[in-house]
Amino acid sequence: MILVLIDAARLARAGYVLAREGVLSLVSPAMVPPLARPGLRLARLISRPDAGTRAARLSAALSRLGPSYVKLGQFLATRPDVVGASVARDLEVLQDRMPAFGQTVAEQTVVDAFERPLHEVYAEFGPPVAAASIAEVHKAVVVERDGTRRTVAVKILRPGIERRFSADVATFRRIAAFAEKISAEARRLRLTTVVDTLGRSVTMEMDLRLEAAAYAELAENVKDDPDVHVPAVDWDRSAREVLTTEWIDGIKLSDRAGLEAAGHDLQNLARIVMQSFLRQAMRDGFFHADMHPGNLFVDAEGRLVVVDCGIMGRLGLKERRFLAEILYGFITRNWRRTAEVHFEAGYVPSHHSVEDFALAIRAIGEPIHSRSADQISMARLLSLLLEVTGLFDMKTRPELLLLQKTMVVVEGVARGLDPQLNMWTTAAPVVEDWIAQNLGPVGRLQQAGSGIGEVGRFVLDAPALLTRAGRVVSQLDEATRNGLHLSPETLEGIGAAEARRAFWGNAALWVIAIALLLLALK
């Protein structure tokens, strides 16, 4: 009962803020049940008159509601299947900006994390340069053992954030469970799974050691890519609440004028952004899933620098093969093969027609090739893909949705640099290279070699497996030689179960007897 009251109070507050900022005014009355329409009219009465665009209203409302709702909004931007393509596009521009929690608190967090005075960890520790829902960033200086001074970025977890997020996510989960009970569409979208995924994502983000590991893995993957750089992690000055990385002096990718003034080739940068992301996803199976302009810089050497590895995506070999063949099918206009890949991967139920699905894919792909790059609406393309998803009963695949949405964001960033960028021709070299390496003769030989290795490991393990099997057979023979013996605890449990069954059986008989007696008396 207490949880119900708490959830009701939180929902009431969220509803008021959404109404006040004008978000609910954008909802069509036809989209809500009749009983809720008076509330929608009331929401329009209390809406701010100067609420602005839908994106601005969403941003203002979620920022007022607090860090959990900002994170929820950012997460839903990756789930257009849940909120719709247009709302997801509006949520993409949601700025994760919150007030700084103060220099004193940040310094104390460092002292507590390393159990040393601040000056022993950092020679200089400046004020916050950025503050978000989960953490804020400070510029600091460290002194190495040889006396070298090095500038670093220090990310510090916001105090008390775990408790706040846990409470809010628990509320989201209960609301999602209730929605699934009353709505078939909510069950199809698996809203509880959506909330659980959000909870896991945020939990991982709040352990900065995991983000440090993500930085390290991404840096290792791209170490041979000359056009990409990932800041190095200072492991000696990183802990659960504190992450220290190399400081980047660069120009944000959103600063087009600054990039032009520095003499950078914007068309080449657009190519680097797109191809770098595709290599991360297809070659490595581990990609940065938050590649908005605020997380991308260009350093003095012209390299693309990627920061903030709190949200990462991972793809298995099956998903990477699926992605490669899908992209290759779009590039080569082989709609039949593109449809077959969906069935082979198990994403489309087998009772559907491959020919019909190929026709639907063609309806999406042909407009891409018949228009110039700057005329293609990625929002429209995404909307069509989601319509096909529902039409052919494709199950929700969170990793593919995250990949798909990140691809749209990345293309938007690249198009901001080069409005004439053609995603398909830019992607072609990366896709063709991956297919040649993994699905061509070289890839087949590597797979065969891997299979031989598996057989070899099985042969080496065979003696140990046979020994364990013999031991199990001996123990079974000994246990059953003089009949099967049960432990006293097991016997006691069986007795209790039989007693309960006998009790309810006797009770049922008495009920039947009394009923018959009453009928006889009538």
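What follows is a short exchange about strands, sheets and the helices across them.

Modeller: First, this is a predicted model, where local features need pLDDT of at least 70, side-chain atom pairs count only at pLDDT 80 or more, and totals for chains, interfaces and linings use all residues. Residues are numbered from 1 along each chain as its sequence is written, and side-chain values use heavy atoms, with hydrogens and water left out.

Biologist: Which strands are in the open sheet with antiparallel pairing?
Modeller: Four strands, in the order β1-β2-β3-β5. Strands (E, at least two residues) and helices (H or I, at least four) are DSSP runs numbered from the N terminus, and two strands pair if DSSP finds at least two bridges between them.

Biologist: What are the edge strands there?
Modeller: β1 (124-131) and β5 (242-246), each pairing on one side only.

Biologist: How many bridges do β2 and β3 pair over?
Modeller: Nine, between residues 135-143 and 149-157. His-138 has Val-154 in β3 as its bridge partner.

Biologist: Which helix lies across β1, β2, β3 and β5?
Modeller: α7 (residues 103-114), at about 115° to β1. Axes are lines fitted to C-alpha atoms, for helices over the stretch in contact, and angles run from 0 to 180 degrees between N-to-C directions; contact means heavy atoms within 4.5 Å.

Biologist: Now the sheet with mixed pairing: what is its order?
Modeller: β4-β9-β8-β6, an open sheet of four strands. β4 (228-229) and β6 (251-252) each have a single partner strand, so one side of each is left without a neighbour in the sheet.

Biologist: Where does Ile-251 stand?
Modeller: Opposite Val-298 in β8. Two bridges join β6 to β8 (residues 296-298), and these strands run antiparallel.
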